[in-house]
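Subject: Handover of a protein structure and notes on what it contains

Dear colleague,

Please find below the structure that I am handing over to you. My notes follow it, and I would ask you to read them with the structure open beside you.

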Amino acid sequence: MTDTKSKVFSLVHQDRLPIPEIAEMLGLTEDQVLAMAKSEGVARSKSGTVPLTSLIPDRGHTVTGRQPRTCDEHGPYESQQWTLNNAPERMPVAMRSFWSQCPECNRIGEAEVARRTAEIRNRKANVDAMRKEALRASGIPERFLDCDVWHWQRGMDKQREVWETVKSYCIRIEDVIQHGRCLVLFGSSGTGKTHLACGIVRHVVEKGGTAKYLTIQDAIGLIRSTYNKGAEQTEDEMLAAICNVDMLVLDEIGRQSDSAHERESMFRILNRRYSDLRPTILVSNLERVGLFKFLGQALCDRLMEAGGRFLSFDWASQRSRRVSDSGGEE
Ligand SMILES: Nc1ncnc2c1ncn2[C@@H]1O[C@H](COP(=O)(O)OP(=O)(O)OP(=O)(O)O)[C@@H](O)[C@H]1O
Ligand SMILES: [Mg+2]
Ligand SMILES: [Zn+2]
């Protein structure tokens with residue numbers, strides 16, 4: 001923190017570096033930067049200029065000198081020397097006082113900073129809005145919208161093991177997407193599979209990628225809807241729409257009663273993504289043997305290509321834990 005603070009300190013002293021730009025550089029919020037600047041005795045306006053004119057003596061500065069100066073562009077002006085009254089000890093002496101610049105140049109400079117600040121804030125707002133929209137469009141169910149990978153509880157060894165794999169998967173998400181590395185989350189009910197899968201979707205979106213969460217039943221419904229007369233999309237267009245994302249989660253694999261049809265749809269989606277070298281995450285509460293049988297050898301091989309992993313969620317349901325909040329069994 002002290003290190004960040006000293007970086008803030010030196011950056012806020014750079015004339016006309018907009019606060020949002022400093023915040024961006026250091027990965028802090030604008031308010032954090034302003035607070036640190038203030039605690040160092042540096043007065044900066046919200047927009048980020050060094051407002052020499054606003055450093056009034058009762059804020060801790062004294063006028064210690066006056067000098068006539070001439071600006072090449074704007075002609076003569078009186079420059080004033082401002083000296084900090086209670087400078088922090090480690091502040092270099094050269095920084096404790098300064099001569100004011102041409103007021104007209106200041107005005108122009110501040111206008112430029114205000115313009116840059118507005119530009120940065122606008123860009124940020126646009127990016128935020130796009131992420132929000134992408135998250136909404138990802139299809140994460142309402143109940144799992146706030147789920148993320150990082151807060152997933154991992155008190156048990158088995159949980160920790162699974163989580164470590166998912167964590168590295170997320171940390172290397174660019175690589176995962178580039179190589180189409182898949183994951184299969186399987187195991188008993190209430191063990192947090194959907195929670196983690198939605199967390200990965202969220203992570204991809206936050207990284208600026210596109211991701212979709214669908215139950216296999218939803219996917220089948222979407223494909224079937226194109227069979228209707230007057231359907232707006234062809235079957236192939238719908239399949240493309242489902243598959244055309246950086247990351248796709250298919251949940252509830254193996255739950256459908258019409259398993260032949262489910263398998264066929266799943267194969268078509270997975271094959272398409274496999275040929276496009278795109279990763280898919282399958283989520284199922286079948287146990288290992290049942291799942292392998294359902295998927296078949298050929299598909300299992302494909303899922304494990306490029307370092308894909310099968311992760312077993314083999315512990316008690318966390319749903320009952322939540323309700324009773326005591327760790328008691330169902
Ligand atoms: N490790 C965990 N940390 C935090 N919350 C958890 C964890 N495991 C489960 N939960 C919570 O418990 C509930 C059940 O989890 P989830 O729906 O993800 O289970 P699931 O494995 O998908 O079950 P099912 O196979 O029945 O679909 C959710 O509210 C989820 O947020
Ligand atoms: Mg689930
Ligand atoms: Zn000037």
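In what order do the strands of the open sheet of three strands follow one another, and is the pairing parallel or antiparallel? The order is E1-E2-E3, and the pairing is antiparallel. Strands E1 (61–71) and E3 (97–99) stand at the edges with a single partner strand each, so one side of each has no neighbour in the sheet. On average, neighbouring strands of this sheet are turned by 15° against each other, direction ignored. E1 is joined to strand E2 (residues 75–84) by ten bridges, and the two run antiparallel. As an example that you can look up, Thr70 has Pro76 of E2 as its bridge partner. In general, the strands of a sheet pair through backbone hydrogen bonds, in either the parallel or the antiparallel sense.

Please keep in mind that this is a predicted model.

The protein as a whole

The protein has 330 residues, of which 27% count as buried. It contains 14 helices and eight strands. Among its contacts with a separation of 6 or more, 70% are between residues 24 or more positions apart.

Strand E6 and its partners

Strand E6 (residues 247–253) pairs with strand E5 (residues 211–215) in the parallel sense, over five bridges. Within this pairing, Ala211 has Met247 of E6 as its bridge partner. E6 also pairs with strand E7 (residues 280–284), again in the parallel sense, over four bridges. Here Ile253 stands opposite Ser284 in E7.

How many of the seven residues of E6 are buried? The number is six, so E6 is largely enclosed by the rest of the structure. Glu252 also has its place in strand E6. This residue is partly exposed, with 19 other C-beta atoms within 10 Å, whereas a residue needs 20 or more to count as buried.

Most residues other than glycine have a negative phi. Glu252 has a phi near 65°, a positive value in a residue other than glycine. Ala306 likewise has a positive phi, near 55°. Ala306 lies in the loop between helix H13 (297–304) and strand E8 (309–313), and it is partly exposed, with 16 other C-beta atoms within 10 Å.

Helix H9 and the helices packed against it

At what angle do helices H9 and H10 pack? Helix H9 (residues 216–225) and helix H10 (residues 235–243) meet at about 150°, and their axes are 8 Å apart. Angles over 145 degrees count as roughly antiparallel, and H9 and H10 are therefore roughly antiparallel to each other. Ala219, Leu222 and Ile223 of H9 make this contact with Glu235, Met238, Leu239 and Ile242 of H10. By class, the residues of the contact are six nonpolar, no polar and one charged.

H9 also packs against helix H11 (residues 259–275), at an angle of about 85° and with the axes 10 Å apart. H9 and H11 are therefore roughly perpendicular to each other. On the side of H9, the contact is made by Ile216, Ala219, Ile220 and Ile223, and on the side of H11 by His261, Glu262, Ser265, Met266 and Ile269. This contact has six nonpolar, two polar and one charged residues.

Which residues come nearest to ligand 1? Of the 16 residues around ligand 1, these are Gln153, Ser189, Gly192, Lys193 and Thr194. Helix H8 (193–206) and helix H14 (318–324) each supply at least two residues of the shell around ligand 1. By class, the shell around ligand 1 consists of three nonpolar, ten polar and three charged residues.

One last point returns to the region of the open sheet. Gln101 lies in the loop between E3 and helix H5 (103–137). Gln101 counts as partly exposed, with 16 C-beta neighbours inside 10 Å. Gln101 and Gln80 are 21 residues apart in sequence, and their C-alpha atoms are 8.3 Å apart in space.

Yours sincerely

Methods: Residues are numbered from 1 along each chain as its sequence is written. Chains are lettered from A and ligands numbered from 1 in the order in which they are written. This is a predicted model: local features need pLDDT of at least 70, side-chain atom pairs count only at pLDDT 80 or more; totals for chains, interfaces and linings use all residues. A residue is near a molecule or strand if its C-beta atom, placed from the backbone, lies within 6 Å of it. Ala, Val, Leu, Ile, Met, Phe, Trp, Tyr, Cys and Pro count as nonpolar, Asp, Glu, Lys and Arg as charged, and the others, Gly among them, as polar. Axes are lines fitted to C-alpha atoms, for helices over the stretch in contact, and angles run from 0 to 180 degrees between N-to-C directions. Angles under 35 degrees count as roughly parallel, over 145 as roughly antiparallel, 65 to 115 as roughly perpendicular and the rest as oblique. Two residues are in contact if their C-beta atoms, placed from the backbone, lie within 7 Å. A residue is buried if 20 or more other C-beta atoms lie within 10 Å of its own, exposed if 12 or fewer, and partly exposed in between; C-beta atoms are placed from the backbone. Two strands pair if DSSP finds at least two bridges between them.
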